[in-house]
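Visitor: I have a structure to go through with you. Can we take it piece by piece?

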Amino acid sequence: MGQPDLPLLVDRASPTPLAAQVADGLRAAATAGGLRGGDRLPSSRALAAQLGVSRTVVTAAYDQLHAEGWLSGRHGSGTYLTASPVPAHRRRPLARDPDPAAQLLDLAPGTPCVEAIDRAAWRRAWRAAGDRNPLTYKARAGEPDYLAVVAEHLLRHRGLAVGNGEVLATSGTSAAVRELAAAVLRPGDAVAMEEPGYQRAVGAFRAEGIRVIPVPLDAQGLRIDLIPPDARAVYCTPAHQFPMGARMPAARRVALVELARRIGAIVVEDDYDGELRYDTAPLPLLAGLAPDVVVHLGTTSKILSPSLGVGWLVAAPEITRAIVAHRESTGTGPAPAGQQIVAHLARHGDLARHLRRLRREMPPRRALLVDELRRNGVEVLGDDAGSHVVAPLPSARAETEVIAAARKDGVLLDALARHHLAEPRGFGITLGYAALPRDDLAAAARVAGRHLAAHR
């Protein structure tokens with residue numbers, strides 16, 4: 001490809017170094033579409049002459065962009081742009097996208113805030129994983145570096161000390177649930193499940209022949225008194241109940257652990273949104289209270305990106321050994337690449353910095369959405385934490401009408417009814433505020449507030 005025109009400017013009066021100005025200008029050109037992946041850039045000498053700066057300035061800018069993964073050099077043929085990502089706030093016109101839903105502003109819950117990811121750190125971690133020698137076999141429990149990182153993460157961010165043999169890498173929460181069902185439970189066993197709750201976990205249990213028994217919620221989460229005595233396991237999201245948003249208080253956590261010990265059940269603690277507590281300090285994990293009966297599950301899909309396909313499981317050694325044995329017998333296990341990327345992010349402090357950014361980013365997003373809903377007289381349910389809220393509605397018909405009306409205005413909403421296993425007892429809309437850029441979130445909130453107000 002030929003060399004594109006580069007309308008770059010440098011300001012010698014600016015306190016920003018000239019090399020940084022050149023690098024910033026090239027990044028902006030790539031983001032805006034002025035440069036595209038595969039474009040050849042001018043030589044450092046030619047660009048220096050065009051800008052009236054020294055060649056050293058342009059060389060330093062190119063070196064920085066090389067380090068960030070924007071540029072690649074080809075021997076004898078020059079320097080090329082490797083990629084030109086489209087920013088999140090720009091969406092392709094409908095004529096170029098065969099899926100109409102892709103053009104909607106999506107307020108569904110359970111999606112991460114990828115805008116908070118430091119793209120330079122992200123690219124460094126992927127390059128570091130790519131520089132590793134190819135593996136000849138998988139470590140069935142997980143990559144040692146990743147397991148060490150998870151143990152450190154749980155101790156620093158969730159207050160959970162993990163011993164040897166107690167932590168495994170997983171392919172995410174749903175995959176971990178299915179492995180647990182296959183390795184520890186038996187077909188026909190009963191599992192008590194929050195109602196409404198995470199339906200992918202329901203599907204994972206059922207895929208292994210497990211009977212799923214819906215147990216209602218109240219304002220404090222799972223109703224412990226309604227758990228059937230023949231349950232072999234109890235699945236819950238105590239940090240931030242999905243989808244209703246309640247936090248299980250300490251007394252109920254203790255009651256759940258005591259019940260599990262009494263009936264001989266395990267408690268599957270899905271730590272959904274556990275890292276996204278920004279109103280108060282998080283309550284102790286169930287796994288910290290009762291490591292003998294609790295299986296703790298976590299994932300990077302909500303705090304980083306589902307593209308990594310990696311999570312973790314913490315349990316008593318006899319449970320982790322059973323899961324590893326199941327992996328050996330079936331030839332399954334989590335892919336190493338995602339583990340290596342997370343390990344690199346953590347080792348260099350990027351994961352901790354990312355979590356701090358998330359905790360700063362989420363409160364104003366929640367406030368933006370909640371304020372708009374309340375201006376329209378819409379009730380909002382859910383703790384001041386996590387990444388979604390619930391707006392109640394009086395009926396299934398109201399859900400259907402609100403979703404259809406919002407869709408016509410370009411906004412995709414999520415009905416509470418679909419999160420039920422049994423006949424729904426409550427109705428409403430679950431609204432996520434992590435994924436969209438701020439401007440799009442504000443626009444989507446206005447649409448949602450208007451249509452919810454008409455049916456409240």
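Visitor: Which residues of H5 are buried?
Guide: In H5, the buried residues are Tyr146, Leu147, Val149, Val150, His153, Leu154, His157 and Arg158. Buried means under 20% relative accessible area, exposed over 50%, partly exposed in between (1.4 Å probe, protein chains only).

Visitor: Where do they sit around the axis of H5?
Guide: They cover an arc of only 160°, which puts them on the same side of H5. The arc is taken from the directions from the helix axis to the C-beta atoms. An α-helix has 3.6 residues a turn, so residues three or four places apart point the same way.

Visitor: What should I know about the model itself?
Guide: It is predicted: local features need pLDDT of at least 70, side-chain atom pairs count only at pLDDT 80 or more, and totals for chains, interfaces and linings use all residues. Residues are numbered from 1 along each chain as its sequence is written, and side-chain values use heavy atoms, leaving out hydrogens and water.

Visitor: Back to H5. What do its buried residues pack against?
Guide: Strands E5 (167-170), E11 (294-299) and E12 (311-314), plus helices H11 (336-347) and H12 (350-375). Contact means heavy atoms within 4.5 Å. Helices (H or I, at least four residues) and strands (E, at least two) are DSSP runs, numbered from the N terminus.

Visitor: And which exposed residues are on the face turned away?
Guide: Pro144 and Arg156.

Visitor: What follows H5?
Guide: Gly159, with a positive phi near 70°.

Visitor: New topic. What is the strand order in the open sheet?
Guide: E5-E12-E11-E10-E9-E6-E7-E8, 8 strands with mixed pairing. The edge strands are E5 and E8 (221-222), and each pairs on one side only. Two strands pair if DSSP finds at least two bridges between them.

Visitor: Are E6 and E7 parallel or antiparallel?
Guide: E6 (residues 190-195) and E7 (residues 211-218) pair in the parallel sense, over 6 bridges. Ala192 stands opposite Ile213 in E7.

Visitor: How many bridges join E13 to E16?
Guide: 6, and those strands run antiparallel. Val389 stands opposite Leu431 in E16. In E13 (residues 388-393), 5 of the 6 residues are buried.

Visitor: How many disulfides?
Guide: The count comes to 0 disulfides, taking a disulfide as a pair of cysteine sulfur atoms within 2.5 Å.

Visitor: Is Cys113 buried or exposed?
Guide: Cys113 is buried, at 3% relative accessible area. Cys236 is buried too, at 0%.
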